[in-house]
Amino acid sequence: MRARVSDRPPRAVKAQRSAGTTGIAASDARRAGWLLACVALLAVACLLSIAVGTRTIGVHTTWDAFAHYTGTDEQTIVRELRVPRLVLGLLTGVALGVCGALIQAVTRNPLADTQILGVNAGAALFVVFAVGVLGLTSIWSYVWFAFAGVAVAMVAVYALGSIGRGGATPVRLTLAGVALGAVMDGLSAGIRLVRPRAFDYLRFWDVGTLGGRPMSIALAVAPFIGVGLLLALTVARSLNAVAMGDDIARSLGADITRTRVLAVLAVMLLAGASTAAVGPIGFVGLMVPHAVRWLVGPDQRWILAFTVVCAPVLMLSADVIGRLVIRPAELQAGIVTAFVGAPVLIWMVRRSNVSAL
Amino acid sequence: MKALTRRQDGAPRVDFGHRVMVLRPSAAVSVRLSVRTTVVCAILLLLTLVVGVLALGTGEFSLPPDQVVRALTGQESGWARLVVVEWRLPRVVLALLIGSALGLSGAVFQSLMRNPLGSPDVIGFNTGAYTGVLVATAYVGHDYAQTSVGALVGGLLTAAVVYLLAYRQGVQGFRLIIVGIAVSAVLGSVNQWFIIKADLQTAYAAALWGQGSLNDLSWDQVPPVAYAVGALSLLLVAMGPSLRLLELGDDAASALGVRREPVRLAYLAVGVALTAVATAAAGPISFVALAAPQIAARLTRAPGIALVPSAVTGALLLLVGDFLAVRLFAPTQLPVGVVTVSLGGAYFAWLLARNTRGRK
Amino acid sequence: MNATPAPSDTAQSDAVETTGSAQTEAGLTPARLHAQGVTIGYDQRAICEDLSVEVPDGRFTVIVGPNACGKSTLLRALSRLLRPRRGRVVLDGRDIHGYPAKEVARRLGLLAQSSTAPEGISVADLVARGRFPHQKLIRQWSAHDEAAVLEAMEATGVTDLSGRLVDTLSGGQRQRVWLAMVLAQQTSIMLLDEPTTFLDIAHQVEVLELCVRLNREQRATMVAVLHDLNHACRYADHLIAMKAGRIVAQGDPREIVTAELVEEVFGLRCRIIDDPETHTPLIIPRSGIVTAPRTATTIHG
């Protein structure tokens, strides 16, 4: 078998798209090196996130804001605005990235992201319902609707995907997510167009942003994200086995159903919490795990490790760039992520020869 | 050629595992049709006819089916004729044309990408068209012609950019998809930015267009759409069965004499053009392109993705969707896209739950 | 299947002599398919450089060599899937890339390695797709198409599976179905890229015996890339041994396969003995661990 690794898969064996490619950083030592570089990048992004804005703030002031708080304007900005924003960016960045990695592994589809399991559609539908039908208007009242929407959508998608013989196979999960997502999108579009007031509120909710959230939001969603990450870490190893196909996974002793259920649960917590906190920010969950896979190869543990570091880098740099480009106004992070991430993704796909996952 | 002689004794025909119909009117002309596919298509066409007559007969002024038929065949004059032929018929005709165009383009893309999620959306067409409309609405104006042109230019430009960015010694399906996703993500952001910057009315108009709608269509729009869809369908027929051979894998298709890259580009172009026509005429009506080929495949149980059943299913899907969009919350007319998405999605989910084909 | 009697062995070996000498002399009757000084590779990497090879007509040629020696690449170039960077592949006297695609497909068939059967396709449907190069827009299922499909299924022994879904078949059955598809193409030259990979020993033998039978009965020129040297020696009547993009030796396996050749090509020390069944060379690898023959008691015990 070993000798055949380089050969194209013959038709006798169904091609397993996730196995076989090694990535740019092939050895563990090189991967560790890259990881350190990414951590450094993250540190820079954190510093910039504190320093850059309508008012530029130095490292000193930041330090003083905590060590010797005297209540100056700048110190207050750091404590009340910049730090909550940084924390939120870190939390949701990690959550969205890991979420994407999990979904891609579980559905064995490199194109999968939160969109595909109907997550965003579920959140949007519940928020639309809250605003359009129940008439809630404050953002804080519908945060939890978003969470509930994600939860309901995930449960429904998983239930629909696992009915019938064969259980929740990747393709069935994907199709179920697309189908239910489409129905929920249709319903929420219907409500919006019938109620223009809801439409007006929601066009702003649709664009995810890190700005204007107090620390309490970050603290409220942190436990969910924490539990979600723990779950993700516990299933990482079995996801490696699941990626090889159900049969091989079974023979390697992985409990497929348990792995899938735990992974879906983790996605629910991570996506629900981050969507509730910052709105539907796309592209991070799709792009980061994908790019990371080209760098480190198909091992889920490395993918998760790199995703945890790289996703907040994308999130924070999008946020920082958003503050800079149309100063003194701001572009929402949800808009900027695609501008930052897409060129990287295109560049990578053009120079790599990998044909699949 | 032993088998030939055996055949003349009325001996074994090929067992395809399903019933087939072989028509050989002369030595130069022969076709093989799956009985099930043919029957399914016929039933779908019949259903389309029934829904069409129903749609023509209901609304603010109700007409019984027989009067509708008389009006269509020219035996009725005056009021009934005006309502049926002048007011309602163009909408039904456009629903059928656009529906089949969407079904066909969905089939072409799903087959090319070998992915049930393959659609023109994948290479950013609809997002680009939306950007085009937003730009047109913001800087030019938002009457029907302006939005149509905006959509057309935006969509085609995006598709071309995606193709060029993905081109590197030929275009490989996977790279095309990734580049398409990246480019649509950027354009999606641009769209969001437009929507929050624009005043409510502009944003609302754009959102209404963004759901796809057959409202306010008249006979004026029928000829261009009919010619375009007709010509593109003929082109698909002329390209023959090479799409099915591409499904066997690139090497096998080449070995069987399919010129891979030109054929693939030609199919991409036709698929995009079909979507472009539909989008320019009625906005991005979602889900028909995605669901029609899948529903057709499950109904016909034919291998792979078939073009004709997808077109027929698409036409029926859009017609029913439009019928419901107009009647469901009358007098408020929903954009048809809202209905197709809910209807198609629900039906799709039901099919999935029934697992009729045991697809994995 | 039960038609023409197999040509006698002597006739076969006569043919060996003629084509064998025509190879380098270039002139007499060049083989229908040959490569002239081709350089082939992917992207920037050249796999074979300035390679010339003839495929003797009407013979079962097998290309062997270690992994990554360029044997599949050569096959892809011969089947015009890869365009050589220099040199040319000639089919029936013309550059193979000068023909219309369908014209080549009527003369030369290829069992590709990476084919996928569309889901839900039945065996007969798949085999029928092999008729594409012969079909026209309005002539899609002539009596001749039907006969060719029937014959191809008969020859590969899949007639009984005809109505079954390809997804439900075993690996060996599936391979025979793909072979049937290539047969239905009715070409006089057939190239097979690793037709036995991932099949069990019985199915490997089955597929190879089928190839030999097709070669004898239909007088088809066959070229296969194989991994198993013993199978190659046993079934090929013309062997091409490759290493690092070059041809090391070619000819009748009974004449060219020696322990030295195997060591040179594969880096494997071995003994060559006579295959008691077919009297072709049989390669017995020398063991690095067990040097002395085991005692009789161990064998019986």
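Helices, of at least four residues, and strands, of at least two, are DSSP runs numbered from the N terminus. In those terms, chain A of this predicted model follows the pattern α-α-α-α-α-α-α-α-α-α-α-α-α along its sequence.

**Chain A**

- Chain A has 13 helices and zero strands.
- Of the 357 residues in chain A, 55% are buried.
- Among the contacts in chain A with a separation of 6 or more, 75% are between residues 24 or more positions apart.

**Chain B: helices α5 and α6**

- Two packed helices are described by the angle between their axes and the distance between the axes.
- Helix α5 (residues 125–139) of chain B packs against helix α6 (residues 144–166) of chain B at an angle of about 140°, and the axes are 6 Å apart.
- Angles over 145 degrees count as roughly antiparallel, and α5(B) and α6(B) are therefore classed as oblique to each other.
- The crossing in which α5(B) passes α6(B) is right-handed.
- On the α5(B) side, the residues that meet α6(B) include B:Phe125, B:Gly128, B:Ala129, B:Gly132, B:Val133 and B:Ala136.

**Chain B: helices α6 and α12**

- α6(B) also has a crossing with helix α12 (residues 260–282) of chain B, where the axes come within 8 Å at roughly 155°.
- α6(B) and α12(B) are therefore roughly antiparallel to each other.
- The crossing of α6(B) and α12(B) is right-handed.
- From α6(B), the contact is made by B:Ser148, B:Ala151, B:Leu152, B:Gly155, B:Leu156 and B:Ala159.
- From α12(B), the contact is made by B:Val272, B:Ala276, B:Thr279, B:Ala280 and B:Ala281.
- By class, the contact of α6(B) with α12(B) has eight nonpolar, three polar and no charged residues.

**Chain C: the four-stranded sheet**

- Four strands of chain C form an open sheet in the order β2-β1-β4-β5, with antiparallel pairing.
- The edges of this sheet are β2 (45–55) and β5 (94–95) of chain C, each of which pairs on one side only.
- Strand β1 (residues 33–42) of chain C pairs with β2(C) in the antiparallel sense over seven bridges.
- Opposite C:Val38 stands C:Leu51 in β2(C).
- Helix α2 (residues 71–78) of chain C lies across β1, β2 and β4 (86–91) of chain C and runs at about 120° to β1(C).

**Chain C: the six-stranded sheet**

- Six strands of chain C form an open sheet in the order β6-β7-β8-β3-β9-β10, and the pairing is mixed.
- The edge strands, each pairing on one side only, are β6 (108–111) and β10 (246–251) of chain C.
- Direction ignored, neighbouring strands of this sheet are turned by 15° against each other on average.
- Helix α6 (residues 171–184) of chain C packs on the sheet and touches β6 and β7 (189–193) of chain C; the direction of this helix makes about 170° with that of β6(C).

**Chain C: strand β3 within that sheet**

- Strand β3 (residues 60–64) of chain C pairs with strand β9 (residues 238–243) of chain C in the parallel sense over four bridges.
- C:Thr61 stands opposite C:His238 in β9(C).
- β3(C) also pairs with strand β8 (residues 221–225) of chain C in the parallel sense, over four bridges.
- C:Ile63 stands opposite C:Val225 in β8(C), and the bridge partner of C:Ile63 in β9(C) is C:Ile240.
- In a regular strand the side chains alternate between the two faces of the sheet.
- In β3(C), C:Phe60, C:Val62 and C:Val64 lie on one side and C:Thr61 and C:Ile63 on the other, and all are buried.
- With five of the five residues of β3(C) buried, the strand is therefore largely enclosed by the rest of the structure.

**Contact of chain B with chain C**

- The contact takes 38 residues from chain B and 43 residues from chain C.
- The elements giving two or more residues to the chain B side are α1 (2–8), β2 (29–34), α10 (242–246) and α11 (250–255) of chain B.
- The side of chain B that touches chain C has 19 nonpolar, eight polar and 11 charged residues.

Key. Residues numbered from 1 in each chain as written. Chains lettered and ligands numbered in written order. Predicted model: local features only at pLDDT ≥ 70, side-chain atom pairs only at ≥ 80, totals over all residues. Pairing = 2+ DSSP bridges. Contact = placed C-beta atoms within 7 Å. Axes fitted to C-alpha atoms, helices over the stretch in contact; angles between N-to-C directions. Parallel < 35°, antiparallel > 145°, perpendicular 65-115°, else oblique. Left-handed = near helix turned anticlockwise from the far one by under 90°. Buried ≥ 20, exposed ≤ 12 C-beta atoms within 10 Å, placed from the backbone. Nonpolar A, V, L, I, M, F, W, Y, C, P; charged D, E, K, R; others polar.
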